[in-house]
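Thanks for coming. I will walk through one model this morning, chain by chain, and stop at a handful of residues on the way.

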Amino acid sequence: MQKVVWYLLLPLAFFAGDRLGGYLLQKQSERSHFRYSRLYQNKAKADILLLGNSRGLCLYQPYIEEITHKKTCNLSYNGLPMDAAKALVLDYLDRYPEVKTLVIDVTMCDRENDPLLTGFLAYTDKSERLNTLIHNKELKAWWGGQVSHLFRYNNEIFQRALYYRNKSDEDWLLDRVITEAQIIDTSKSTYELDVNPYLIRQLQETIEASLEKGVQAHLVIAPYLPGFTVENLDNLKKAVEKATGLQVLDYRNSLVDPTFFGDYMHLNKEGSRHFIDMLRKDGVFD
Amino acid sequence: MIFNSLAFLLFILIFFPLYFGTKGKGQHRVCLIASYFFYGCWDWRFLSLIILSTLLDWCFGMWISHLYQNDGKSTNHQNKAYRFTHRIIARLAQTNFTPRAVLVLSIAMNLGVLGFFKYFNFFADSLAMLLQSIGFVPSWNTLHIILPVGISFYTFQSMSYTIDVYRRELKQETSLLKFATYIALFPQLVAGPIIRAADFLPQLAESKRFDYTRFNSGMGRILWGFFKKVAIADSLAPFVDQCFQSPQSFGSLHLMIGVVFYSFQIYCDFSGYSDIAIGLTRIMGFHFPENFRTPYFSRSFSEFWTRWHISLSSWLRDYLYIPLGGNRHGKLNTYRNNMLTMLLGGLWHGANWAFVFWGLLHGVYMMIQRIISPIWHRVISALKVPAIFSAGVEMGTVYLLTLFAWVFFRSGSQGLAGGDSFGTAYTILSHIGSGIGLSFSEVINKFQVLKGGLLISMLLLIELSNLRYRWNEWQLRQPYLRIALFSMVLWLLAFFGNFGANAFIYFQF
């Protein structure tokens with residue numbers, strides 16, 4: 001009997017430690033300067049809201065703030081799919097009605113990224129929308145988060161929150177120049193975009209919600225390295241324009257100097273400045 | 001069905017009550033049915049292959065044994081399958097086959113099956129390339145052959161049985177049920193350890209009862225195995241995969257980290273599997289030998305091979321290296337035997353020249369070690385170099401050269417997936433050698449690097465402390481410590497685990 005009691009103690013010990021650990025990690029997440037932590041701690045007030053996947057990170061906040069004198073908030077994240085982005089934007093609009101402008105890089109409507117959704121488990125207690133989305137799309141992970149609170153923090157999003165615990169994340173941008181070898185191989189490299197109707201519908205609903213709240217939305221395509229083939233980009237652009245009724249500002253070939261790029265699809269800090277100058281010239285931040 | 005899946009959890013929750021609820025033959029039957037079900041979950045068609053392999057080797061063992069005895073006494077055996085087969089064997093024994101000829105036939109059939117499923121396309125492609133290089137253009141097509149999971153493991157296991165019977169080191173197993181259980185036992189069926197019949201079959205003599213101490217000990221090993229696989233190996237895998245899939249995109253430091261991560265990924269993946277297998281069989285009441293003993297702390301390559309995949313290296317030693325002559329016939333023959341063993345060990349891992357090259361590298365390492373080791377030891381004793389320093393240099397050298405060889409090994413896996421194995425290895429090594437991209441800022445996915453570094457540090461800390469404290473033995477004596485250790489591993493799994501149910505690396509071999 002005593003032997004059985006020892007094994008009954010194991011789940012008790014596990015859950016006690018798990019809940020305590022989960023609570024401590026939650027506190028760390030709340031204290032972070034990471035974008036989503038700030039969003040849910042009401043510390044992300046801005047005039048311009050920026051959105052995209054890893055390509056959206058080139059909407060470099062410090063430079064935009066420097067030239068526009070407006071406060072910005074960038075919700076972009078590597079591989080961020082539009083359905084998660086919609087939940088984040090709607091949460092943002094609920095909490096920060098002062099926002100005036102929303103800029104979205106539409107290539108984030110490319111493909112779904114359900115594994116990344118589990119990264120937002122760390123914020124499910126703050127966002128019913130994220131909670132429902134993860135429940136609907138990643139049920140096993142959602143249950144994992146219910147059983148173990150430590151599991152909610154088992155992801156890169158929380159690791160970034162820890163990394164930015166004592167420093168700003170606004171400087172998050174590629175800080176390298178594409179290699180010569182990659183430039184030589186440019187013509188051999190291609191990327192095939194998916195035109196995903198589900199994600200385009202999520203974008204459409206995000207735009208509609210923004211417009212209802214008086215937020216001006218701008219849709220853009222950030223530059224790619226010239227010579228790099230992106231299949232289906234025109235189809236995606238057409239589908240987005242048709243669904244949203246907005247014109248997509250297409251900058252795909254607007255920068256030709258390879259030193260502006262960190263790789264085929266991402267601008268580096270220098271390239272980002274040139275891109276932002278073009279956006280400003282076209283009145284995106286007005 | 002893999003260990004790190006919910007399906008397997010359900011499977012063992014059903015299996016253990018049935019297993020401990022039966023005795024004797026019933027227990028063996030439960031084991032065998034569960035093992036065949038486990039294997040059938042991969043691809044039920046290949047069950048016929050494992051059954052065929054079992055039947056053949058059981059019959060060959062009996063045939064060899066009959067030729068040695070040639071007395072017909074065994075016909076009164078109670079086992080029906082044995083009596084039936086024995087009558088056929090008795091007729092076969094009237095032919096002119098010698099025990100040696102039967103053994104050769106057995107080995108040929110085993111290697112024939114293995115060769116067909118694993119190496120047919122490899123040899124056909126290699127021959128075609130050779131013919132093309134001398135001007136002939138062969139017109140044959142390769143076959144689309146699916147590699148049955150675990151075939152290399154169970155083939156070696158069943159071959160060891162017939163060889164041991166031939167050498168009279170083992171008596172034939174009269175019970176087909178026991179022999180089939182030995183070949184198919186599910187914890188080690190698909191990725192080892194490779195168990196010898198002489199070690200395992202005697203353990204089937206007694207019924208197994210549930211034992212609380214064995215359960216605790218087994219659970220400790222299982223949890224530790226899961227931590228190594230699910231938390232460490234699967235966390236390192238995405239970074240490593242990226243490095244080997246498009247090495248041209250990364251700089252020197254990034255690829256160096258990728259290769260170091262791979263060395264720990266493969267170690268944690270494979271030794272994690274072995275830990276789970278050893279833990280499961282320990283709960284079942286069996287004793288399985290260790291398959292890994294902190295191999296990266298080896299001070300020589302001969303020591304490395306007594307610490308890495310021990311069941312395979314000892315198999316190759318006993319059934320290949322020593323029969324070839326071992327180190328008994330002079331230096332040159334020793335080098336030759338060593339090289340042949342390592343080359344075949346490399347080929348065992350996969351049908352790709354990169355694996356053979358990996359084996360060749362280890363053969364060369366061992367040859368060089370034999371030459372320079374006496375000189376090195378004379379130098380360090382003459383210079384009175386502190387032992388800790390020489391040990392550090394030796395471990396560092398062995399680890400670095402092992403890393404170099406791992407590049408080809410991992411590229412071989414890339415080759416199995418249709419990639420260019422030597423091209424991948426060359427790109428990685430040339431990018432590392434170029435020294436371009438040595439800054440940490442040029443490393444992509446720094447979070448994976450930091451997490452990987454943290455997990456590897458934890459692994460080293462735990463494995464080193466385990467040498468002194470023997471955690472798994474200690475927890476058996478201290479229930480409080482057990483609860484603390486088990487809870488800690490579960491917390492670590494929850495916080496670091498990758499629950500994508502990734503298959504184990506060695507399943508492809």
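**Two chains, a few residues**

I start with a glycine: B:Gly453 is partly exposed, because its relative accessibility is 29%. The scale is this: buried is under 20% relative accessible area, exposed is over 50%, and partly exposed is in between, with a 1.4 Å probe and protein chains only. B:Gly453 sits in helix α18 of chain B, which covers residues 446-469. Helices here are DSSP runs of H or I of at least four residues, strands are runs of E of at least two, and both are numbered from the N terminus. From B:Gly453 to B:Pro374 there are 79 residues along the chain, and their C-alpha atoms are separated by 36 Å.

Now the ground rules. The model is predicted, so to speak of a local feature we need pLDDT of at least 70, and side-chain atom pairs count only at pLDDT 80 or more, while totals for chains, interfaces and linings use all residues. Residues are numbered from 1 along each chain as its sequence is written, chains are lettered from A and ligands numbered from 1 in the order in which they are written, and side-chain values use heavy atoms, with hydrogens and water left out.

Next, chain B as a whole. What does its secondary structure come to? Chain B has 20 helices and 0 strands. Its C-alpha atoms fill a box of roughly 75 × 70 × 55 Å along the principal axes. For 509 residues, a compact globule would have a radius of gyration near 23 Å, and chain B agrees with that, because its own value is 24 Å. That radius is taken over C-alpha atoms, and the globule rule is 2.2 Å times the number of residues to the power 0.38.

Of the 509 residues in chain B, 54% count as buried. Chain B exposes about 22900 Å², with carbon and sulfur atoms supplying 66% of that area. The areas come from the Shrake-Rupley method with a 1.4 Å probe, and for residues only the protein chains shown count as cover.

On charge, chain B carries 40 positive and 22 negative side chains, and the centres of the two sets lie 7 Å apart. Lys and Arg count as positive, Asp and Glu as negative, and His and the chain ends are not counted. Each charge is placed at NZ of Lys, CZ of Arg, CG of Asp or CD of Glu.

How is chain B divided? The pieces are domain 1 (6-210), domain 2 (212-292 + 445-509) and domain 3 (298-419). Those bounds come from an automatic or database domain assignment. Between domain 1 and domain 2 of chain B, the C-alpha centres lie 30 Å apart. Across that pair, 29 residues of domain 1 of chain B are in contact with 20 residues of domain 2 of chain B, where contact means heavy atoms within 4.5 Å.

Two buried residues next. B:Ser298 is in the loop between α11 (252-284) and α12 (301-304) of chain B. Is B:Ser298 buried or exposed? B:Ser298 is buried, because its relative accessibility is 0%. Beyond its neighbours within four places in sequence, B:Ser298 is in contact with residues including B:Glu303, B:Arg307 and B:Glu394. B:Asp164 is 134 residues from B:Ser298 in sequence and 31 Å from it in space, C-alpha to C-alpha.

The second one, B:Thr281, is in helix α11 of chain B. B:Thr281 also counts as buried, at 0% relative accessibility. Not counting residues up to four places away in sequence, B:Thr281 touches B:Leu185, B:Pro187, B:Phe286 and B:Phe288.

Then two residues with positive phi. B:Arg168 has phi near 60° and is not a glycine. B:Arg168 belongs to the loop between α6 (151-166) and α7 (176-184) of chain B, and is exposed at 58% relative accessible area. B:Lys384, also not a glycine, has a positive phi of about 55°. The loop of B:Lys384 runs between α15 (353-382) and α16 (387-416) of chain B, and B:Lys384 counts as exposed at 71% relative accessibility.

Last, chain A. Chain A has 12 helices and 7 strands, and its C-alpha trace spans about 75 × 45 × 35 Å along the principal axes. Of its 286 residues, 56% are buried. Chain A exposes about 12400 Å², of which carbon and sulfur atoms supply 53%. Its 35 positive and 38 negative charges have mean positions 6 Å apart.
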